[in-house]
Amino acid sequence: MKRNVLPGLPLSLGVTLFYVGLIVVLPLAALVFKAASLGPEDYWRIVSSARALASYRVTVLSALGATLFNLFFGLALAWVLMRYRFPGRRIVDAMVDLPFALPTAVAGISLTALFATNGWFGSILDDFGIKVAYTPLGIMIAMCFTSLPFIVRTVQPVLEDLDPALEEAAQSLGGSDWEIFRKVILPLLAPALLAGLSLSFARCLGEFGAIIFIAGNQPMSTEITALLIFIRLEEYDYAAAAAIASVLLLTAFAMLAVTNWMQARALRYTARN
Amino acid sequence: MSTVVKGRKPPRVGDQPLFRRALIGIVLVLVALIILAPLVIIGVEAFAKGWAVYRDTIVHPDTRHAIMLTVLAALIAVPVNTAFGIAAAWAITKFDFRGKRFLLVVIEIPFSVSPIVAGVAYLFVYGLQGIFGPVLDAYGIKILFAIPGIILASMFVTAPFVARELIPLMQAQGRDLEEAATSLGASGWRTFLSVTLPNVKWALLYGVVLCNARVMGEFGAVSVVSGNIRGQTNTLPLHIELLYHDYQATGAFASASILALIAVFTIIAKVALERQGAGRVRSDPLAAANPAEKAS
């Protein structure tokens with residue numbers, strides 16, 4: 001190997017390790033330490049309490065629903081932005097980032113205002129007997145909003161780079177549009193779609209600000225896990241907060257591992273080609 | 001390219017006029033309902049009681065204090081994270097060392113962690129139940145439920161922003177230019193300032209803009225560590241929550257309109273920087289998973 005002549009490794013790596021250690025690793029280690037110091041019995045009792053289980057259930061189910069919706073809407077949005085030309089396309093493309101740029105608390109109060117029974121959308125839906133604000137449906141809508149850009153932004157570059165020759169070959173073999181989409185395009189998009197899905201799902205599981213305004217926050221029915229942690233803190237029950245937070249943290253690590261594994265698989269796929 | 005062969009080849013998949021118009025129509029309606037409407041209603045609600053009420057909310061001492069605190073948090077957290085991002089990118093892209101991949105994963109962790117979990121984690125470091133809490137308390141140093149806690153929590157949630165933009169770009173640019181500069185006798189700082197920085201300036205600015213937006217808007221992590229003391233430790237997002245739960249919806253939306261305006265400016269800056277080429281190079285190996293991509 002060539003000897004590296006560049007200076008600055010001790011300083012830059014030192015700063016990096018110090019900062020990551022102090023800002024990222026130390027707090028998370030402290031949280032894990034606190035949760036671990038509970039002992040297995042107490043830990044299990046807290047994380048498997050009926051209220052905690054109900055909170056996992058509503059969080060995971062809403063996240064699944066929101067991610068599924070975003071799979072279709074995100075894919076359609078990316079497709080429309082990359083394959084078609086129409087007036088306002090660039091503005092729509094820029095607007096996709098709004099859910100990332102808009103603070104979650106702001107998104108929370110504006111979605112609540114829209115979907116409350118006297119709001120623009122809520123009053124119409126109310127006529128059909130659909131209640132959104134203060135129900136699990138509201139949680140799902142808040143999650144949809146905050147996680148939408150993930151799928152659009154992971155699929156877009158792959159759609160842009162799709163080789164038209166592949167489609168033309170399939171067309172010359174007499175494939176219908178739907179067949180070509182299903183058998184040629186979708187498999188090529190699959191790794192990006194899966195990565196976008198896992199990012200979106202992970203974001204939904206941890207979301208707090210946008211949800212608490214619209215959710216109603218009733219224990220056992222519309223209380224998400226992140227809020228339960230917050231409530232335990234307000235009750236000065238730090239041990240329970242640590243235990244439940246550690247569940248969310250471990251889930252986040254698991255999602256991170258899944259995403260990395262899928263990216264590694266996608267890389268292997270490229271190497272084979 | 002496609003214009004040259006127009007009329008000779010069959011239309012691309014999904015290009016039949018009817019399907020195309022229907023799909024564009026559905027997507028535009030959903031974008032209007034899901035993305036545009038939440039932005040529009042902030043303005044409508046903020047001015048629901050007229051300009052005078054709006055102005056009174058904005059100039060109210062509590063709102064002004066919340067704005068000041070939000071700006072202060074950004075003024076400290078953003079430059080510190082920028083310095084960290086540059087250091088991390090330099091170490092990771094210009095040198096080879098063991099555990100580099102692991103370090104990259106650790107830097108990205110804050111993206112996957114719920115802001116509430118981040119806030120709780122800081123409680124167990126600097127809170128009275130935490131590692132340093134008792135020692136800090138003995139010396140009368142307040143970190144939690146005070147401004148330093150807010151800044152630390154903001155630093156956690158935004159730690160990867162600048163590094164994430166710089167690392168893939170500097171990786172793609174290689175080390176040759178820097179090695180040439182140092183072998184001609186330039187110092188490390190000189191090399192960085194006159195060789196590396198000009199090549200990454202737009203990506204750096206891009207990361208800074210996104211980092212700033214997130215610091216100013218952070219809610220979950222900050223709400224755990226701030227203590228929500230009105231007029232003392234309320235940032236703008238926390239102030240919005242307080243007004244909203246005080247049944248001052250108009251005031252909440254008036255304060256929210258400031259943050260919404262910042263979000264809109266962030267997006268405009270993002271688009272402008274993308275025109276300069278920022279945000280193009282991604283570490284995401286998925287883009288490379290497509291067999292069609294080898295031209296560049």
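Trainee: Which residues in α3(B) meet which residues in α10(B)?

Mentor: Two residues are in contact if their C-beta atoms, placed from the backbone, lie within 7 Å. On that basis T70(B), A73(B), A74(B), A77(B), V78(B), N81(B), T82(B) and G85(B) in α3(B) meet G207(B), V208(B), C211(B), N212(B), V215(B) and M216(B) in α10(B). These residues divide into 8 nonpolar, 6 polar and no charged. Ala, Val, Leu, Ile, Met, Phe, Trp, Tyr, Cys and Pro count as nonpolar, Asp, Glu, Lys and Arg as charged, and the others, Gly among them, as polar.

Trainee: What should I know about the model and its numbering?

Mentor: This is a predicted model, in which local features need pLDDT of at least 70 and side-chain atom pairs count only at pLDDT 80 or more, while totals for chains, interfaces and linings use all residues. Residues are numbered from 1 along each chain as its sequence is written, and chains are lettered from A and ligands numbered from 1 in the order in which they are written.

Trainee: How many helices and strands does chain B have?

Mentor: Helices (H or I, at least four residues) and strands (E, at least two) are DSSP runs, numbered from the N terminus. Chain B has 13 helices and 0 strands. Its C-alpha trace spans about 70 × 60 × 30 Å along the principal axes.

Trainee: What share of chain B is buried?

Mentor: A residue is buried if 20 or more other C-beta atoms lie within 10 Å of its own, exposed if 12 or fewer, and partly exposed in between, with C-beta atoms placed from the backbone. Of the 296 residues in chain B, 47% are buried. Among contacts in chain B between residues at least 6 apart in sequence, 75% join residues at least 24 apart.

Trainee: At what angle do α3(B) and α10(B) pack?

Mentor: Axes are lines fitted to C-alpha atoms, for helices over the stretch in contact, and angles run from 0 to 180 degrees between N-to-C directions. Angles under 35 degrees count as roughly parallel, over 145 as roughly antiparallel, 65 to 115 as roughly perpendicular and the rest as oblique. Helix α10 (residues 188-217) of chain B packs on α3(B) at about 140°, with the axes 9 Å apart; the two are therefore oblique to each other.

Trainee: At what angle does α8(B) pack on α3(B)?

Mentor: For α3 (residues 61-94) and α8 (residues 160-173) of chain B the angle is about 30° and the axes are 8 Å apart, so α3(B) and α8(B) are roughly parallel to each other. Their contact divides into 11 nonpolar, 5 polar and no charged residues. N81(B), T82(B) and G85(B) are among the α3(B) residues in this contact.

Trainee: Where does UniProt place the transmembrane regions of chain B?

Mentor: UniProt positions are given in the numbering used here, feature names are shortened, and annotations may be inferred rather than shown by experiment. The unreviewed UniProt entry places "transmembrane region" at residues 21-47, 67-90, 102-127, 139-163, 203-229 and 249-273 of chain B. Residues 102-127 of chain B are 88% helix and 0% strand, with end C-alpha atoms 29 Å apart. Residues 139-163 of chain B are 64% helix and 0% strand, with end C-alpha atoms 35 Å apart.
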